[in-house]
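Please follow the account below alongside the sequence and the model, which are shown here.

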Amino acid sequence: MDALNPANLKELLLTTVADLAMKVITAIIIFVVGRWLIGWAVRLLGATLQRNKVDKTLLRYANSVVSVTLNILLIVGLLGYFGVQTATFAALFAAAGVAIGMAWSGLLAHFAAGVFLIVLRPFKTGDFVTVAGVTGTVREIGLFATIVDTADNIHNTIGNNKILSDNIVNFSSNGFRRVEIKAQLSGSADIPAAIAVLKEKLASIPNVLSEPKSEVEILEFNLVGPVLVVRPYCQPNDYWQVYFDTNKMLLRELAQFPAPVAAQTLNVRQVS
């Protein structure tokens, strides 16, 4: 009967409230300190990766994964502090993960492909590529998709899994590219002189590399005359400038040679 005494109940209630308040205050302190430590750890990781010149996209991946993982561990730890059975939550998370994985298998495939794109690095942000049938400049490699802007400024969002399952052509990975342009000459033109002039003028075009040396050779013959192939070399970023300037040079310099004109000789024979 004494246990039901109002004074004892009041004391028990005050003690319980005090213990609960202390736990809540402690949990808040743990949460605040934990969040600060997580932020510090993520910043430390980011600074370390930046010092090692890790790709920016990989850096964002690493920061996101570490931040989410540490926050989940912090929440699970707080639940355990309050006496909640965290093993049950772990089983629920696992079951939810399986269900989400089955429902979002396509998205997870794009996510996994994005990780491989970052690790294998067939291209990086700023490269000029052809991926999944789209040719353009890589603007962003995201978690699920890669953004490519074409030369006519069209914005393309391509699923990472589609990129990884197809051929990837990177025009920017090598140190130089070869520009190739054909030039039709007349059969009556002085071919050695034309080749010598073109080789000399190619060297004066801005951003044409001295090594490898530019090439001007006879590629083939047709009814009009010989066809020259003109091949200057340049850095990938200078490709189109060199391409257009070479065309202008060909138009200007080949004007001093006989114009290539398609002609046919017709022999008429009268049969009596």
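Glutamine 184 stands opposite valine 227, a residue of strand E9. The model is a predicted one, in which local features need pLDDT of at least 70 and side-chain atom pairs count only at pLDDT 80 or more, while totals for chains, interfaces and linings use all residues. Residues are numbered from 1 along each chain as its sequence is written, and side-chain values use heavy atoms, with hydrogens and water left out.

Strand E9 covers residues 226-231 and is joined to E7 by four bridges, the two running antiparallel; strands (E, at least two residues) and helices (H or I, at least four) are DSSP runs numbered from the N terminus, and two strands pair if DSSP finds at least two bridges between them. The open sheet has three strands in the order E7-E9-E8, with antiparallel pairing. Because strand E7 (181-184) and strand E8 (215-221) stand at the edges with a single partner strand each, one side of each is left without a neighbour in the sheet. From one strand to the next, the twist averages 30 degrees.

Two helices lie across these strands. Helix H6 (residues 191-202) lies across E8 and E9 and runs at about 140 degrees to E8, whereas helix H7 (residues 239-253) lies across E7 and E9, at about 10 degrees to E7; axes are lines fitted to C-alpha atoms, for helices over the stretch in contact (heavy atoms within 4.5 Å), and angles run from 0 to 180 degrees between N-to-C directions.

The buried residues of H7 are Tyr239, Val242, Thr246, Met249, Leu250 and Glu253, where buried means under 20% relative accessible area and exposed over 50%, with partly exposed in between (1.4 Å probe, protein chains only). Seen down the axis of H7, these residues fall within an arc of 100 degrees (taken from the directions from the helix axis to the C-beta atoms), so they line one face of the helix. They pack against strand E6 (177-178), E7, H6, E9 and strand E10 (233-234), while the face turned away from them carries the exposed residues Lys248, Leu251 and Arg252.
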